[in-house]
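Open the model in your viewer and keep the selection tool at hand. The tour goes stop by stop.

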Amino acid sequence: MTPAVASDYSGAPLGAPVYELTRVSKTYARNSVVALEDVDLTLRKGSFTSVIGSSGCGKSTLLKIMAGLIPPSKGRVILQGEPVRGARRDIGMMFQQATLFPWKTAVENIVLPIEIRDGKAAANKAMDKAYELLEIVGLKGFENVYPNELSGGMAQRASICRMLITEPAVLLLDEPFSALDELSRDMMNMELQRICREQNATAFLVTHSIQEAVILSDDIVVMKPRPGRIAEIVEVDLPRPRTLDMMTTPKFGAIVDHIRGQLDKGEDM
Ligand SMILES: Nc1ncnc2c1ncn2[C@@H]1O[C@H](COP(=O)(O)OP(=O)(O)OP(=O)(O)O)[C@@H](O)[C@H]1O
């Protein structure tokens, strides 16, 4: 049976522009740091895009602007045809650390965004969907446990469910698995790929790992610092679904080497 959550979130056809950033710049007034300069970027429905670059090149600033958490100094950010001017329902976010509330069970944590947005009755209605999502991420049987009984990987799986329950049009991911050991991280990345494919999700990932970017992405935005800007957008034409053993292929190695070269160039600037 196809799970009810496998709907096409935004309704936009695959490949249609979902996010459109035009000449986005950000100067922090406090210290006059030009964190971003003239960033043009389009994310298409169902695509997976990663952003990579050395520390301080503006990745988090870009993500925060896309999420509506901070405004750009200049430029336009359009999501599903509407300018982003603040937090939005159609944006799902996930961070490095799972931010589950310790006094709520896994399933209660997952319906929490619905409870905050639409009230207790709506949250109760969403319970079935939360159970379904937990099953999708392999947490069947853990619905009623508290976060302190979950491993780091399990807590991040629950966080994925919490992000998905509101059916966001776009998933903004800020190094979601970087606190996990390498093996768990690889597994979670494959899980993330599967979920994104099932849901036709449009995803944008900030990462420091070139390998992670290559195995997951359709496009990799390589940034360079001072001021933060796009050096190159690298298309990854490895077939889907991606598998971990692709990481040993010459083609994968060549893409990784190319990106590393670009990052080294950025460092020299
Ligand atoms: N709130 C702020 N006020 C002033 N300057 C800031 C602020 N946030 C970031 N910056 C500066 O803007 C630049 C870009 O920072 P940002 O955090 O976006 O980079 P990043 O690529 O995400 O770095 P990292 O990989 O280390 O997380 C840096 O020079 C940083 O010092």
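## First stop: α5 and α6

Select α5 and helix α6 (residues 182-199): the two pack at an angle of about 20°, with their axes 11 Å apart. Angles under 35 degrees count as roughly parallel, and α5 and α6 are therefore roughly parallel to each other. α5 passes α6 in a right-handed crossing. Now show side chains. From α5, the contact uses Gly 153, Gln 156, Ile 160 and Leu 164; from α6, it uses Ser 184, Met 188, Ile 195 and Gln 199. Colour these residues by type: four are nonpolar, four are polar and none is charged. Bear in mind throughout that this is a predicted model.

## Second stop: α2 against α5

The crossing of α2 past α5 is right-handed. On the α2 side, pick Ala 106, Asn 109, Ile 110, Leu 112 and Pro 113; they meet Ala 158, Cys 161 and Arg 162 in α5. By type, this contact has six nonpolar residues, one polar and one charged.

At what angle do helix α2 and helix α4 pack? The angle between α2 (residues 106-118) and α4 (residues 127-136) is about 120°, and the axes are 9 Å apart. That makes α2 oblique to α4. This crossing is right-handed. Select Ala 106, Val 107, Ile 110 and Val 111 in α2, then Met 127, Ala 130, Tyr 131, Leu 133 and Leu 134 in α4; these residues meet across the contact. Nine of the contact residues are nonpolar, with no polar and no charged ones.

Centre on the ligand. Which residues are closest? They are Tyr 28, Ala 35, Ser 55, Ser 60 and Thr 61, out of 14 residues that surround the ligand. Next, select β2 (33-44) and α1 (59-67): each supplies at least two residues of the shell. The largest share, three residues, comes from α1. Colour the shell by type: four residues are nonpolar, eight are polar and two are charged.

Switch to a backbone view. Most residues other than glycine have a negative phi, and most peptide bonds are trans.

- Glu 167 is not a glycine, yet its phi is positive, at about 50°. Look for Glu 167 in the loop between α5 and β7 (170-174).
- Arg 226 and Pro 227 are joined by a cis peptide bond, with omega about -10°. Pro 227 sits in the loop between β9 (219-224) and β10 (229-235).
- Arg 240 and Pro 241 are also joined by a cis peptide bond, with omega about 0°. Pro 241 lies in the loop between β10 and α8 (250-267).

## Last stop: the whole chain

Zoom out and show the cartoon. The chain has eight helices and 10 strands. Its C-alpha trace spans about 55 × 45 × 35 Å along the principal axes. How does the radius of gyration compare with that of a compact globule? For 269 residues, such a globule would have a radius of gyration near 18 Å; the chain has 18 Å, which agrees.

Terms used: Residues are numbered from 1 along each chain as its sequence is written. This is a predicted model: local features need pLDDT of at least 70, side-chain atom pairs count only at pLDDT 80 or more; totals for chains, interfaces and linings use all residues. A residue is near a molecule or strand if its C-beta atom, placed from the backbone, lies within 6 Å of it. Helices (H or I, at least four residues) and strands (E, at least two) are DSSP runs, numbered from the N terminus. Ala, Val, Leu, Ile, Met, Phe, Trp, Tyr, Cys and Pro count as nonpolar, Asp, Glu, Lys and Arg as charged, and the others, Gly among them, as polar. Axes are lines fitted to C-alpha atoms, for helices over the stretch in contact, and angles run from 0 to 180 degrees between N-to-C directions. Angles under 35 degrees count as roughly parallel, over 145 as roughly antiparallel, 65 to 115 as roughly perpendicular and the rest as oblique. A crossing is left-handed if the near helix is turned anticlockwise from the far one by less than a right angle, and right-handed if clockwise. Two residues are in contact if their C-beta atoms, placed from the backbone, lie within 7 Å. The radius of gyration is taken over C-alpha atoms; the globule rule is 2.2 Å times the number of residues to the power 0.38.
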